Amino acid sequence: MPHSPSSSAQAAREVVAQRLRDLRKSAGLTVTELASRCNWHHAKTSRIENARTAPTATDIRRWCRACEVTGQAEDLIAQSLHAESMYTEWRTQVRAGLKALQDSEPRLFKDTELFRIYSSTLVPGLLQTEGYAAGILSISARFRDVPIDDSAQAARARVARSRIIHEPGHRFVFVIEEDALRHQICSTEEMAAQLGFLLTAGALPQVSLGIIPMNTADRAQWPRETFHVYDDTLVSVELISARVKITQPSEITLYLRAFEQLRTHAVYGAQARALIVKAIDALR
């Protein structure tokens, strides 16, 4: 696995920084000379070249003009925007409320044929009931000081989005840790309803639901951060501070390898249902 889920985003930033540094050196300019031509402090040049500050489109155009390579500006701008889009802070995403976040990226869901989802702590979003989702989103709203607490509406939107599991043309492979069945983040009645829904959803022909028992020995993978794989083209990793989108093929391969190893530890069918029923019984 990558040493950090945000490594792809940082690596992409560093590629842009290296290209800008190479342009400056090829032009025979010092850090101070480039800063003078761009009309900013030389410290800004150093921050950009060391990938500590992301350059704006205007910064890149000035940089290329100073190095007399204006033809490279637009390509660098596109590369820089891609790097920044890979790492999106939650505080940026929730400014318009939690419901808007549920409604984002509809094409990604529609265009994906194979969903592979691993969760170590919670029931995955596509399998959540409204009561369970509301519990999670309410906690999230309080933790992130969301200016608009629309967690109830967001929960309904999440459930509506989850109807995709009933649409033709999609397959879903879920692997969750047994712990995810035990974390009670909503009322006992709502938690029981959520676990009951898992029994139903797990029986759908287009859904594979695997549960890794807590007493699994000789694991090839320890419990990892929650991640979603969309076909073989994108991995989305959820951190406390941000969501990281990974598109680098070599890193996607690592996540797929980890997913397959985690999947071998899971139980399915009657054994999985037995773990869910056990979790329901523990609520009483």
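Me: Why is Ala51 called buried?

Reply: Buried means under 20% relative accessible area, exposed means over 50%, and partly exposed is in between, with a 1.4 Å probe and protein chains only. Ala51 has a relative accessible area of 12%, so Ala51 is buried. Before we go on: this is a predicted model, where local features need pLDDT of at least 70, side-chain atom pairs count only at pLDDT 80 or more, and totals for chains, interfaces and linings use all residues. Residues are numbered from 1 along each chain as its sequence is written, and side-chain values use heavy atoms, with hydrogens and water left out.

Me: What makes the phi of Ala51 worth a look?

Reply: Phi of Ala51 is near 60°, a positive value in a residue other than glycine. Ala51 sits in the loop between H3 and H4; helices (H or I, at least four residues) and strands (E, at least two) are DSSP runs, numbered from the N terminus.

Me: Why does Glu68 count as exposed?

Reply: Its relative accessibility is 69%, so Glu68 counts as exposed. Glu68 lies in the loop between H4 and helix H5 (73-85), and its phi is also positive, near 60°.

Me: And what is Asp149 called, by its accessibility?

Reply: At 48% relative accessibility, Asp149 counts as partly exposed. Asp149 belongs to the loop between helix H9 (130-143) and helix H10 (151-161). Asp149 and Ser138 are 11 residues apart in sequence, with their C-alpha atoms 7.5 Å apart in space.

Me: How do you know that the buried residues of H4 line one face of the helix?

Reply: In helix H4 (residues 57-66), the buried residues are Asp59, Ile60, Trp63, Cys64 and Ala66. Seen down the axis of H4, they fall within an arc of 160°, so they line one face. The arc is that of the directions from the helix axis to the C-beta atoms. As background, an α-helix has 3.6 residues a turn, so residues three or four places apart point the same way.

Me: Why are H2 and H4 called roughly perpendicular?

Reply: Helix H2 (residues 31-38) and H4 pack at an angle of about 115°, with their axes 9 Å apart. Angles under 35 degrees count as roughly parallel, over 145 as roughly antiparallel, 65 to 115 as roughly perpendicular and the rest as oblique. H2 and H4 are therefore roughly perpendicular to each other. Leu34, Arg37 and Cys38 in H2 meet Arg62, Trp63 and Ala66 in H4, where contact means heavy atoms within 4.5 Å.

Me: What makes H2 and H3 roughly perpendicular?

Reply: The axes of H2 and helix H3 (residues 42-49) cross at roughly 110° and come within 8 Å. H2 and H3 are therefore roughly perpendicular. On the H2 side the contact is made by Val31, Thr32, Leu34 and Ala35, and on the H3 side by His42, Thr45, Ser46 and Glu49.

Me: How do you know that E5 pairs with E2 and with E6?

Reply: Two strands pair if DSSP finds at least two bridges between them. Four bridges join strand E2 (residues 114-119) to E5, and these strands run antiparallel. Four bridges also join E5 to strand E6 (residues 234-238), again antiparallel. Phe115 stands opposite Tyr230 in E5, while Val229 has Val235 in E6 as its bridge partner. From strand E5 (residues 227-230), Phe227 and Val229 point one way and His228 and Tyr230 the other, and all are buried.

Terms used:
Axes are lines fitted to C-alpha atoms, for helices over the stretch in contact, and angles run from 0 to 180 degrees between N-to-C directions.
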